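Please walk through this structure with the model open beside you. The text moves from a whole chain down to single residues.

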Amino acid sequence: MTVPAYQKIVFYLLLTVSSVLIFAPAIIAFSMSFMSNQDIMTGKIIPTSFTLDNYVQVFDRFPLFNFLLNSLIVSIVIMIGQLVLSSLAAYAFVFLEFKGRDILFFVFIATMMVPFEASIIPNFQTIRDMGWINTYTGLTLPFFAMAFGTFLLRQSFKQIPKELKEASEIAGIGDFKFYLTVVLPMARTSLVTLGVYGFLTSWNMYLWPLLSTTDDTTRTVQIGLRQLQSQEQLNEWGVIMAGAIIVVLPTLILLFLGQKKLQKGLAEGALK
Amino acid sequence: MSDLLIEAEKDYTGEFLKAKKVQRTKSFLKGVLFLLPSIILFSVFLFYPLFKTIYLSFFLTDSSGATTVFVGMNNFKAIFTSPLFLKSLEVTFLFVLYTVPGTVIVSLFLAVLANEKLRGIGIFRTIFSSTMGISVAAASVFWMFLFHPTIGWLNQILELFGVEAIGWLTDPDWALISVSLSTIWMNVGFTFLILLGGLQSIDSYLYESADIDGASYFYKLRRITIPMLSPTLFFVITVSFINAFQTFGQVDMLTRGGPQNETNVIVYSIYQEAFMNYQHGAASAQAIILFVIILLLTLVQFKLGERKVHYQ
C-alpha cells in the first residue's frame, strides 16, 4: 500500500516544521558559538562574520580541558562498574538456582522506589566522612549498582538457550567461566546498549557532582558549565555557547551512532 | 544379612541428604557471590541512606549534619506549616501538571509522524531524539539565551509581531512556565525514542487489514495505534511523573528557585535546606515527603502496569 502523494507532502511538511522547532535551540547555540560578541549583543540572527575566537577563549580562560577529562574518567568508570555489577547480578537471576533468589529479586525491584534525590543527604555525609569529596571514588561508586541495568541484561540473558548451560556443566565448566566466555559474548548487543546509556547519563549527571566536588581537581564538565555561566555573567554569550557545544558534542555523537540500538534496548528493558 | 543391607541403605540416604545439603549451600553461596557487589552497594548508597533519612528527620542537626536534639514529628509539623515548603509543593505539582502532559503529547505527535515509512525518515528520527543527548546544564544555557529579555529569540519574535516583551525568567507569573517549556524540550528526546520503539513493535498486519477495509488515517490512529501503544504510553507517563518530581538541574541553572520562590521545586528546596542552610534534619523530612510521593507513583505503575520492570 503506498501513501497518497498529498498525504506524503503533509507528512514531510509536519516533519520539517517539527524538526526545525526541536533543533532550533541547539542550532542557535551552535551558530552563536561562532559569532562575535558584537553580533550577539546587537541581536543579529544571521552572523556577519565567522570566528573561532570563542572556542579559543573558553579553553584559554577556563580549565575546560581538565573538566572534560574528569567527565570522561567518571563516565567510563561508572559505565564499566554498571556493566560488571549488572551482568553479574543478571547472571545469578537467570542461570543460578538458589534459595532466596526470589526475595533478592524483589529487593532489586524495591530499589527502584527509592529516588536518589531522597537519599542524597546521608549519601553526602557518607562520602564526606570517608574523605571522598573531590575524588573519582566519591563521584562514581554510588552509581555502580543499578536495577534497570540488571533487568535489561536479565532480559537478554534469558534468550541464551538453557542447553548451553547444561552442556557446560557436563563439560565441567564453572559458572564464572561460563559467564565470561559464553554469556557475555552472546549478550554483546545489550551490553553495548547499557554501556551507551550508562555513559550518556553519567556524562550528563548534575546534582551529585555539584555536591561531591568543591574544587576543580575532579569537577565534571556539567558543573564547569554552571560555573562558566554564573561567572561570565550575561555578556559573553559566544564563549558560554562554545563551552556548551563542547559539552554536548560527545554525547550527541554517541547518541547518533547508537540511536537504533538504544531505542530497541531501552524499550525492551522497559517493557518486558 | 538383611540387617546389613538396611544399614547400608540408611547410610546411603544419609550421605545423599548430606551431599544435597552441601550442594544447596554451595549454590546459595555462589548465587550470593554473584549478587554481592550489587547488594553491598545498594545497602550502602540506597537502603542505609533511606533509613538514615527517616532517622534524621526526627532530629535537629548541627552544621555538619550530626544529630543534636530529638524533636519527634516537629520537623514534619514545621514543614507543613511553613509557607515556603507548602509553596514548594504547590510549585512542584504545577510543574508536573505542565510538563508531563506537555512532554507526552509532543513526543507522541513526533513519534507518530516519525513512524511513517518515508524516504529520509532516519534523519528526522535522529533530530527528534537528539535532545536526549543534551545535558541539563547545556540545555539550560541554550534556553537561558532564548529567554534573554532583550537579545533572546523569544522576545525578538514577540517584538516582530508587535507583542510586548515578556520577562520569561524574571516575571513570577511566567518563570515556572518558562522552566516547564525548557523541561519539555529536554525530555522529548527520550520519551520520543521509547514511544517510537513501542510504535514499531505494533504488528503491521493490523494496519494491512484495516487498509483492506478502507479505514482512514485517523481511524487507524484512534483504533489501532493508540490502544496498541497503551502499555508503552503508560510506562512513559509514569516515568515522566517520576522525573518531574526529581527535577533539579534546570531550576538551579535558570532561576535558582526564584523569582519569589515561584520555581522552587521540591528537590531544589531540599538542596537549599540541606546544603545552603545546613538543616539536614528539616531537609530530611522534606526528602521523606518526596520519597513517599515517588513510592506511591511507582506502586501505581506496578499495580496498573501489570509489568514487572521499568526504567529507574
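Predicted model: local features only at pLDDT ≥ 70, side-chain atom pairs only at ≥ 80, totals over all residues.

Begin with the overall build of chain B. It holds 12 helices and 2 strands. Read from the N terminus, the order is α-β-β-α-α-α-α-α-α-α-α-α-α-α. The radius of gyration of chain B is 28 Å, well over the 20 Å that the globule rule gives for 312 residues, so chain B is more spread out than a compact globule. The C-alpha atoms fill a box of roughly 110 × 75 × 30 Å along the principal axes.

Of the 312 residues in chain B, 44% count as buried. Now take the contacts in chain B with a separation of 6 or more. Residues 24 or more positions apart supply 68% of them.

Next comes the interface. Here 79 residues of chain B are in contact with 78 residues of chain A. Which element gives the largest share of the chain B side? Helix H1 (residues 2-56) of chain B does, with 19 residues. By residue type, the chain B side divides into 51 nonpolar, 22 polar and 6 charged.

Turn to chain A. An unreviewed UniProt entry lists "transmembrane region" at residues 12-34, 72-96, 103-124, 136-157, 178-200 and 237-257 of chain A. Two of these spans can be set against the model. Residues 237-257 of chain A are 100% helix and 0% strand, with end C-alpha atoms 30 Å apart. Residues 103-124 of chain A are 64% helix and 0% strand, and their end C-alpha atoms lie 29 Å apart.

Now look at one residue, A:Thr251. It sits in helix H14 (residues 237-271) of chain A. Is A:Thr251 buried or exposed? The cut-off for buried is 20 or more other C-beta atoms within 10 Å. A:Thr251 has 23 C-beta neighbours inside 10 Å, so it counts as buried. Leaving out residues up to four places away in sequence, A:Thr251 touches A:Leu200, A:Trp203 and A:Asn204, and also B:Gly133 and B:Ser135. A:Ala29 is 222 residues from A:Thr251 in sequence, and the two are 16 Å apart in space, C-alpha to C-alpha.

Move on to helix H6 of chain A. Its buried residues include A:Ile120, A:Ile121, A:Pro122, A:Asn123, A:Phe124 and A:Ile127. Just after this helix, A:Gly131 takes a positive phi of about 75 degrees.

Most residues other than glycine have a negative phi. A:Asn134 has a positive one, near 65 degrees. Where is A:Asn134 placed? It lies in the loop between helix H6 (120-129) and helix H7 (136-140) of chain A. A:Asn134 has 16 other C-beta atoms within 10 Å, so it is partly exposed.

B:Arg256 is in the loop between helix H10 (249-254) and helix H11 (266-275) of chain B. With 13 C-beta neighbours inside 10 Å, B:Arg256 counts as partly exposed.

Key: Residues numbered from 1 in each chain as written. Chains lettered and ligands numbered in written order. Helix = DSSP H or I, 4+ residues; strand = E, 2+ residues; numbered from the N terminus. Buried ≥ 20, exposed ≤ 12 C-beta atoms within 10 Å, placed from the backbone. UniProt positions renumbered as here; feature names shortened; annotations may be inferred. Contact = placed C-beta atoms within 7 Å. Rg over C-alpha atoms; globule rule 2.2 N^0.38 Å. Nonpolar A, V, L, I, M, F, W, Y, C, P; charged D, E, K, R; others polar.
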